[in-house]
Amino acid sequence: MTSMTPAPGPASGPSGMFGTVLIANRGEIALRIIRTLRRLGVRSVAVYSDADADARHVREADVAVRLGGGYLDIDRILAAAAATGAQAVHPGYGFLAENPVFARRCAEAGLVFVGPPPEAIEAMGDKIRAKATVSAAGVPVVPGGAEPGDALAEAAERVGFPALIKPSAGGGGKGMVLVRSAEELPEALESARRTAAAAFGDATLLIERFVEGPRHIEIQVMADVHGNVVHLGERECSLQRRHQKIVEEAPSPLLDAEARARMGAAAVEAARSVGYTGAGTVEFIVQGTTGDYYFMEMNTRLQVEHPVTELVTGLDLVELQLRVAAGEPLPLTQDEVRLHGHAVEARVYAEDPSRGFLPTGGRVLALREPADVRVDSSLAEGGTVGSDYDPMLSKVVAWGPDRASALRRLDGALAATTVLGVPTNIAFLRALVTHPEVVAGDLDTGLVERHLSALVPHGGVPDDVLAATALLLHHDRVPAEPADPWDVPDGWRLGEAAWTTWRLESRDGVREVGVRGLPAAGAEVRLPEGPEGRTTRARLAVDGDDLLVTLDGVRRRYAFARDGRGDTVWLGRDGDAWALTRHHLGDPGDRAGAGGTGDGVVRSPMPGTVLVVKVTQGEQVVEGQPLLVVEAMKMEHTVTAPLAGTVAELPVRAGQAVDMDAVLAVVRRDGES
């Protein structure tokens, strides 16, 4: 039960475990921690921002405390812990999880920080210092260089191109820029510094040699306060987009037992080098052809992808974190760590792969999640997905006795996942986990980019979806069993049956679908194929929350939902989803360019904040010239001019929040009024 006026709880729980733990995070990771706390008999305290007042983690925690603006206010979090009698704070990941100031403030307040000591966070949080520390411990590192001054330009000349720019204080791929020539370096440094400062409060950068065809493999470590350190095997994290992981698995199809032991030992030494305790992940870049590996960084927290390690080891990493934080020794030695079977995780994001993985948003109109695999999710029907936080919605995780069966189970689970109202990457994930190279285990961090056109098909809306939408709209309009044909508003006239034409608008344009007859009894449908179109028979039935549509003799089942006005129909099938809006009047215009239209209207490609305005009203611009930078969830997108002309309207300013498709600028061709 959730209370807005919490009271202090017991000082300790059974077996010396904490009695109350505050979770300084949100979303699926907060819910995942609550699950373990409940199993251990420990009371959970959630905190929440105003934007998260009705979020699932708030409803499911034993106690919830309002923070107000956000999750970075240390004073309010500590006050919430004091008010609820919490003895420990679990930071989850993100936000304050790798903030040494927060760890110290917890200790000063008499709270146990469920994580490593602040000195270890500092040592590993600074990538420059981390590389020097682990290198001294004998762990191989990628050649590179660091700030200050012009050291990056000098380091780039030394390591050569291509090179990778990275924020020293960051992680998660944010601010990383691949530079392939010296000419690209100045602009790349500017963008990386801006992102690093915004995301991590520190604009310091480093540059490293870019390993061609690399694999990203990380080792999970666990250490206690008694000097015991073990590794729990590796995770393969090579499937990425925008330098961020989207599919992870354990174990890696690349490593054999000998390579695993070698990399695991290196990870243990890296942890020992900074006096580490708790759960951590040592990340390596691996040359797939040679097996050579280099330390990249250490994440001093629980990782998003920790479920795959849990499924193959049978361990609860959150429970181990809590027990280590309570002073208990690790319950197993390195020789007792066993890996069983294979696990694969896919991250479901609110994003549009066909638009460069730009974040999306909206209200969840319908939700279905598979019951036969692990799903770590923050989603709830009726909830709103905005641009305040990371776009990850859930993680679908499948286990199998071998890799092939785990991949098949994951694909089936994704097919059974439906999110209507918010565009997601589920169809893209299905295409990725069934791609021949992925199935063969032939992975590297560039695979998604190389095969993007195949992974993100641009075939428009399928005929069966067009037919199902038109039939549903027609079904809403006419009675199922009319007593008299004169009572049916379908244009019927004496001597002939008339067509009703439904104009359906999607992001691909407007398509016209004709319907004649009664959908429930069997109707004719005219689909927009070829110059003449084609006509076929179809039937529609409503089965609870599903539509059953028979077209061309094939019956398909769809999840469906309508928006508040009823003009937009969402249909979901096999993990994919489509939104079609009944188009009434006017021409929607021709889309052209990133964020632009054929008439020169430039719209925001995602909900977010205008970060930079690069032009002024009245300025002459050329086609493709950058106009503005829009940022959402720490992701920058440059919006360009769709045509050459004059900036006639510029209704936004830097720092302004904008919705998806909001007008950012209007460019008029020279000579147009």
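Threonine 609 stands opposite glutamate 631 in strand β35. The model is predicted: local features need pLDDT of at least 70 and side-chain atom pairs count only at pLDDT 80 or more, while totals for chains, interfaces and linings use all residues. Residues are numbered from 1 along each chain as its sequence is written, and side-chain values use heavy atoms, with hydrogens and water left out.

Strand β33 (residues 608–613) runs antiparallel to β35, and 4 bridges join them; strands pair if DSSP finds at least two bridges between them. Strands (E, at least two residues) and helices (H or I, at least four) are DSSP runs, numbered from the N terminus. Buried means under 20% relative accessible area, with a 1.4 Å probe and protein chains only.

Helix α10 (residues 306–313) is also mostly covered, with 7 of its 8 residues buried. Among the buried residues are His306, Pro307, Val308 and Thr309. Glycine 314 follows α10 and has a positive phi, near 75°.

Next come two helices in contact. The axes of α4 (residues 100–108) and α5 (residues 118–125) come within 8 Å and cross at roughly 180°. Axes are lines fitted to C-alpha atoms over the stretch in contact, and angles run from 0 to 180 degrees between N-to-C directions. The two helices α4 and α5 are therefore roughly antiparallel, a term for angles over 145 degrees. Pro100, Ala103 and Arg104 in α4 meet Pro118, Glu119, Ile121 and Glu122 in α5, where contact means heavy atoms within 4.5 Å.

Terms used:
Parallel < 35°, antiparallel > 145°, perpendicular 65-115°, else oblique. Buried < 20%, exposed > 50% of the residue type's maximum accessible area, 1.4 Å probe, protein only.
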